[in-house]
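Keep the viewer open as you go.

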Amino acid sequence: MTTVQTKIPLDSITIIDGIFKPIKVTIDGKHIEVDPRDRNIVDVATRSKIGIPAPCYRDEGRVGCCKGCVAEIDGEQIFACATKPQEGMDIVINRPDLKAIRKERIKDYMNNIDNGETCDCSSDDSSCCAPSQNGTSCCG
Ligand code: FES
């Protein structure tokens, strides 16, 4: 019997032999089924009660501005808010080196806000936006 796998527009659901299968990822060693409402890794972690700071995403609905949601996804450090969940992703959030990076970046972000600087993702400042490995535009 041949297995037919079809992806439908909802990125978090796969159809295998006519049966809906949720996408599964691993966060800090915990196996998680992605909810169709999860738009990115921050959403997946939050719904699974795994803490990850994401100030620009949560407070402003922006993506890629604060750089404070960095996680290691399949061995690469990228922004969790700019990364759609995909089947089998191995995600690390709670590790001392990642926590230290997030702490510094959020501190800088808060200082910038205090100084009246805002994230302008329409500018040529490429540091403002960092595409994920999945090609997700961070400042759409
Ligand atoms: S939440 Fe700000 S860059 Fe991801």
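pLDDT is the predictor's confidence in each residue, from 0 to 100, and two residues count as in contact if their C-beta atoms, placed from the backbone, lie within 7 Å. Where pLDDT is low, the predicted coordinates should not be read in detail.

This is a predicted model: local features need pLDDT of at least 70, side-chain atom pairs count only at pLDDT 80 or more, and totals for chains, interfaces and linings use all residues. Residues are numbered from 1 along each chain as its sequence is written. The chain's mean pLDDT is 81, with 74% of its residues at 70 or more. Residues 5-9 are another stretch below 50, and here the model has six contacts beyond near neighbours in sequence.

## The sheet

Start with the open sheet of five strands, in the order E5-E4-E8-E6-E7 with mixed pairing. E5 and E7 are the edge strands, each pairing on one side only. From one strand to the next, the twist averages 35 degrees. A few ground rules: helices (H or I, at least four residues) and strands (E, at least two) are DSSP runs numbered from the N terminus, and two strands pair if DSSP finds at least two bridges between them. Axes are lines fitted to C-alpha atoms, for helices over the stretch in contact, and angles run from 0 to 180 degrees between N-to-C directions.

E4 and E5 (residues 30-33) pair in the antiparallel sense over four bridges, and Val25 has Ile32 in E5 as its bridge partner. Those two strands make a hairpin with two residues between them, and Asp28 in the turn has a positive phi of about 50 degrees. Elsewhere, E6 and E8 (residues 90-92) are antiparallel too, over two bridges, with Ile73 opposite Ile91 in E8.

## The nonpolar core

Next, the largest nonpolar core: it has 29 residues, and those with the most contacts inside it are Val42, Cys69, Ala71, Ala80 and Cys81. (Such a core is a set of buried Ala, Val, Leu, Ile, Met, Phe, Trp, Tyr and Cys residues joined through C-beta atoms within 7 Å.) Elements giving two or more residues to it are E4 (24-27), H1 (41-47), H2 (55-60), E6 (70-73) and E7 (76-79). H1 supplies the largest share, four residues.

Ile52 sits in the loop between H1 and H2. It counts as buried because it has 24 C-beta neighbours inside 10 Å; the cut-offs are 20 or more other C-beta atoms within 10 Å for buried, 12 or fewer for exposed, and partly exposed in between, with C-beta atoms placed from the backbone. Beyond four places in sequence, Ile52 contacts Val42, Ala45, Cys69, Ala71, Ala80 and Ile93. Its C-alpha is 6.9 Å from that of Val42, 10 residues away in sequence.

## Helix H3

H3 (residues 96-114) has 19 residues and reaches 27 Å from first C-alpha to last, close to the 27 Å expected at 1.5 Å a residue; that expected span is 1.5 Å times one less than the number of residues. H3 lies across E6 and E8, at about 150 degrees to E6.

Leaving out residues up to four places away, Arg105 touches Cys66, Lys67, Gly68 and Val70. Just after H3, Gly116 takes a positive phi of about 80 degrees.
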